[in-house]
Amino acid sequence: TGVSVVGGAVDSARGRVVRARVGAAVDSTGLLAIGVAERIGAVAGNALAREALEELQALANVHALNTYLGVLRNRSVVYLLACQSSGPIAIRTTVGAETYLHSTALGKALLSGVPEEEAKRLLGREPYARPTRHSKTRFAALVAELRESRRSGFAVSDEENLIGIYAVGAAVRDASGAVVAAISGALPRHEATRARLPQLARLITSAAERISRRLGSTLARRAA
């Protein structure tokens, strides 16, 4: 499995899947490349990457999911880690680049951890960017989804950031119970069958819970 510190999907505005150009590699301890660590805070960033790395690798190796770790910065998602599976999905990336909150599973998981008014503020002026024809560009179209994400513990992006890609995301919490990051797993849309979706949700939420516990969280959220 290829492990990289990555940024947002460079070609997401075109809504197409491309072969990856990976960013700076993560070492065997899972520490961040210095450029990204400086942006998010070296101690917090290194801890997140270290505790998430094993979970992301397992999801990639065992379940053939492309997996990601991201944080909320400057009203965007900054991707910190990516594990590429042996499957067909790959996304061109740059180290520390940003991607959308409203159209990614990571972003929705992060937004579900803040009050609705704060989520609306973070999303900014409407209409939001439309990387694909499935993207929701108004807060009114997103708010019910964010409420459901808070209830269930996971968020989805159904071809909303890249055509042909389905992703499930879940929040990661620290010892205070605050959402400090999110993880996601992505696969080709045709593989995201109705029968498989509950399993995907359990895989991602369980991994997020284990990472959260390693960060000191005592809160647990289970997918329904």
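**Briefing on the predicted model**

Leu 69 touches Leu 48, Ala 49, Ala 52, Leu 56, Val 78, Tyr 79, Leu 80, Leu 81, Ala 181, Ala 182 and Ile 183, with residues up to four places away in sequence left out of the list, where contact means heavy atoms within 4.5 Å. This is a predicted model, in which local features need pLDDT of at least 70 and side-chain atom pairs count only at pLDDT 80 or more, whereas totals for chains, interfaces and linings use all residues. Residues are numbered from 1 along each chain as its sequence is written, and side-chain values use heavy atoms, with hydrogens and water left out.

**Overall architecture**

- The protein chain has six helices and seven strands, these being DSSP runs numbered from the N terminus (helices H or I of at least four residues, strands E of at least two).
- Along the sequence, these elements follow the pattern β-α-α-β-β-β-α-α-α-β-β-β-α.
- Among contacts between residues at least 6 apart in sequence, 64% join residues at least 24 apart.
- The accessible surface of the protein chain comes to about 9,800 Å², and 52% of it belongs to carbon and sulfur atoms; the areas come from the Shrake-Rupley method with a 1.4 Å probe, and for residues only the protein chains shown count as cover.

**Burial and the nonpolar core**

- Of the 224 residues in the protein chain, 53% are buried, where buried means under 20% relative accessible area, exposed means over 50%, and partly exposed lies in between (1.4 Å probe, protein chains only).
- The largest nonpolar core has 54 residues, of which Leu 69 and Ile 183 touch the most other members; such a core is a set of buried Ala, Val, Leu, Ile, Met, Phe, Trp, Tyr and Cys residues joined through side-chain atoms within 4.5 Å.
- Strand β3 (residues 76–84) is mostly covered, with nine of its nine residues buried.

**Strand pairing around β3**

- Strand β2 (residues 66–73) pairs with β3 in the antiparallel sense over seven bridges, two strands being counted as paired if DSSP finds at least two bridges between them.
- Within this pairing, Tyr 68 has Ala 82 in β3 as its bridge partner.
- The hairpin of β2 and β3 has two residues between the strands, and in it Asn 74 takes a positive phi near 55 degrees.
- Strand β3 is also joined to strand β4 (residues 98–99) by two bridges, and the two run antiparallel.
- Val 77 stands opposite Thr 99 in β4.

**Glu 55 and its salt bridge**

- The structure holds 14 salt bridges, each defined as a side-chain nitrogen of Lys or Arg within 4 Å of a carboxyl oxygen of Asp or Glu.
- One of them is formed by Glu 55 with Arg 210, the closest N and O atoms being 2.8 Å apart.
- This pair links distant parts of the chain, since Glu 55 is in helix α2 and Arg 210 is in helix α6 (residues 197–214), 155 residues apart.
- Glu 55 is buried, with a relative accessible area of 7%, whereas Arg 210 is partly exposed, with a relative accessible area of 33%.
- Helix α2, in which Glu 55 has its place, covers residues 42–63.
- Not counting residues up to four places away in sequence, Glu 55 touches Ala 207, Arg 210, Ile 211 and Arg 214.

- The side chains of Glu 191 and Arg 196 meet in a salt bridge (3.6 Å, N to O); Glu 191 counts as partly exposed at 30% relative accessibility, and Arg 196 counts as partly exposed at 21%.
- Salt bridges that share partners join Lys 108, Lys 136, Glu 145 and Glu 160 into one network.
- Lys 108 and Glu 160 meet through their side chains in a salt bridge (2.5 Å, N to O).
- That pair links distant parts of the chain, with Lys 108 in helix α3 (residues 105–111) and Glu 160 in the loop between β5 (155–158) and β6 (165–173), 52 residues apart.
- Lys 108 and Glu 160 are both buried.
- Glu 145 has its place in helix α5 (residues 139–152), and a polar contact of 3.2 Å joins the side chains of Glu 145 and Lys 136.
- A polar contact is a pair of N or O atoms within 3.5 Å; within protein, one must be able to donate a hydrogen and the other to accept it, and residues adjacent in sequence count only if both atoms are side-chain atoms.
- Glu 145 touches Lys 108, Lys 136, Val 156 and Glu 160, with residues up to four places away in sequence not counted.
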